[in-house]
Amino acid sequence: MILNLFRKNTASDAVYAVYRAIVAQSRQPVFYADWGVPDTVTGRFDMISLHMSLVFRRLRAEKQAGAEFSQALFDLFFKDMDRSLREMGAGDLSVPKKVRKMTELFYALMTGINEAIDRGDHAGVAAVLRRNVLADADASHADRIAAYLFAQADSLAPQSLESIASGRIEMAVAA
C-alpha cells in the first residue's frame, strides 16, 4: 500500500472521462434486464471488459500514442477493480490474487472478442460470449450482443485519437 504513494499516476482527466463513459455504457439496463447478462459483480465486470476491449481495439491502430492511452486506461480499470474488491470486503492479502485472476479473465475475453471481430466472425463473437459472459445464464441473446459489439466497434472506428485522448468518446445506445 505504501508503495502506491510513489507510483506515477498515469490517469489524466481524459482517461477518467473515457473510463467513466465505458462504465456508463456497460451499466445500461438492457444488458441485464433484456439480454441475459447476469446482474452480478461478474456480469458487470464482463460488460466493462467487453467495452474496454472495443476501445483498446480502436486504439491499437494508433500505434504508440494509442498504446500509451490504452495503458493508462488499463491501469485505471484495474485500480478501480482493486478498490471495488476492497470496498466489498476482500482482505488485503486476497486482493492481489483476485485482481490477477480478473486480469487473466479480461485478457482472455478481449483476445477472443477482438480476434473474432477482426475476422468479421459474428458466430465467433457469439461463441465467446456464450463461453465467457453468458456461461451461467440464458445465452439466447448472444447473437444480439454480438451484433451490438460489431455496431459499437463500427461506431468507434472513425473516432479520432485526438478526440478519445481528450476524453471525448461516443458510444451507441444498446437497443
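Among contacts in the protein between residues at least 6 apart in sequence, what percentage join residues at least 24 apart? The figure is 67%, where contact means heavy atoms within 4.5 Å.

Before we look around, a word on the model. This is a predicted model, in which local features need pLDDT of at least 70 and side-chain atom pairs count only at pLDDT 80 or more, while totals for chains, interfaces and linings use all residues. Residues are numbered from 1 along each chain as its sequence is written, and side-chain values use heavy atoms, with hydrogens and water left out.

**The overall picture**

The protein contains 8 helices and 0 strands. Read from the N terminus, its elements follow the order α-α-α-α-α-α-α-α. Helices (H or I, at least four residues) and strands (E, at least two) are DSSP runs, numbered from the N terminus. Of the 175 residues, 46% count as buried. Buried means under 20% relative accessible area, exposed over 50%, and partly exposed in between, using a 1.4 Å probe and protein chains only.

**Two helices side by side in a table**

The expected span of a helix is 1.5 Å times one less than its number of residues.

| Helix | Residues in helix | First to last C-alpha | Expected span |
|---|---|---|---|
| H3 | 20 residues | 28 Å | 28 Å |
| H7 | 15 residues | 21 Å | 21 Å |

H3 runs over residues 41–60 and is mostly covered, with 15 of its 20 residues buried. H7 covers residues 142–156, and its buried residues include Ala-142, Tyr-148, Phe-150 and Leu-156.

Ser-26 belongs to helix H1. This serine is buried, with a relative accessible area of 1%. Beyond its neighbours within four places in sequence, Ser-26 is in contact with Phe-31, Tyr-32, Met-47, Ile-48 and His-51. A polar atom of the Ser-26 side chain lies 3.5 Å from the backbone nitrogen of Ile-48. Ser-26 and Leu-50 are 24 residues apart in sequence, yet 8.3 Å apart in space, C-alpha to C-alpha.

Gln-28 sits in the loop between H1 and helix H2 (29–34). Gln-28 is also buried, with a relative accessible area of 12%. Its side chain reaches the backbone oxygen of Gln-25 at 3.3 Å. Setting aside neighbours within four places in sequence, Gln-28 is in contact with Tyr-148, Ala-172, Val-173 and Ala-174.

**An exposed residue**

Lys-63 lies in helix H4. Its phi is near 55°, a positive value in a residue other than glycine. Is Lys-63 buried or exposed? Lys-63 is exposed, with a relative accessible area of 63%.

**The second largest pocket**

Rolling a probe the size of a water molecule over the atoms shows where empty space is left. On a 1 Å grid over the protein atoms alone, a pocket is an open set of points where a 1.4 Å probe fits, with protein on both sides within 12 Å along at least five of seven lines; lining residues have an atom within 4 Å of a point. A volume is the space filled by probe spheres set on the points, which are joined across faces, edges and corners.

The second largest pocket has a volume of about 460 Å³. Of the 21 residues that line this pocket, the closest to its centre are Val-41, Phe-45, Met-81, Ser-84 and Met-102. H1, H3, H4 and H5 each supply at least two lining residues, and the largest share, 6 residues, comes from H3. By class, the lining has 12 nonpolar, 3 polar and 6 charged residues. Here Ala, Val, Leu, Ile, Met, Phe, Trp, Tyr, Cys and Pro count as nonpolar, Asp, Glu, Lys and Arg as charged, and the others, Gly among them, as polar.

Terms used. A polar contact is a pair of N or O atoms within 3.5 Å; within protein, one must be able to donate a hydrogen and the other to accept it, and residues adjacent in sequence count only if both atoms are side-chain atoms.
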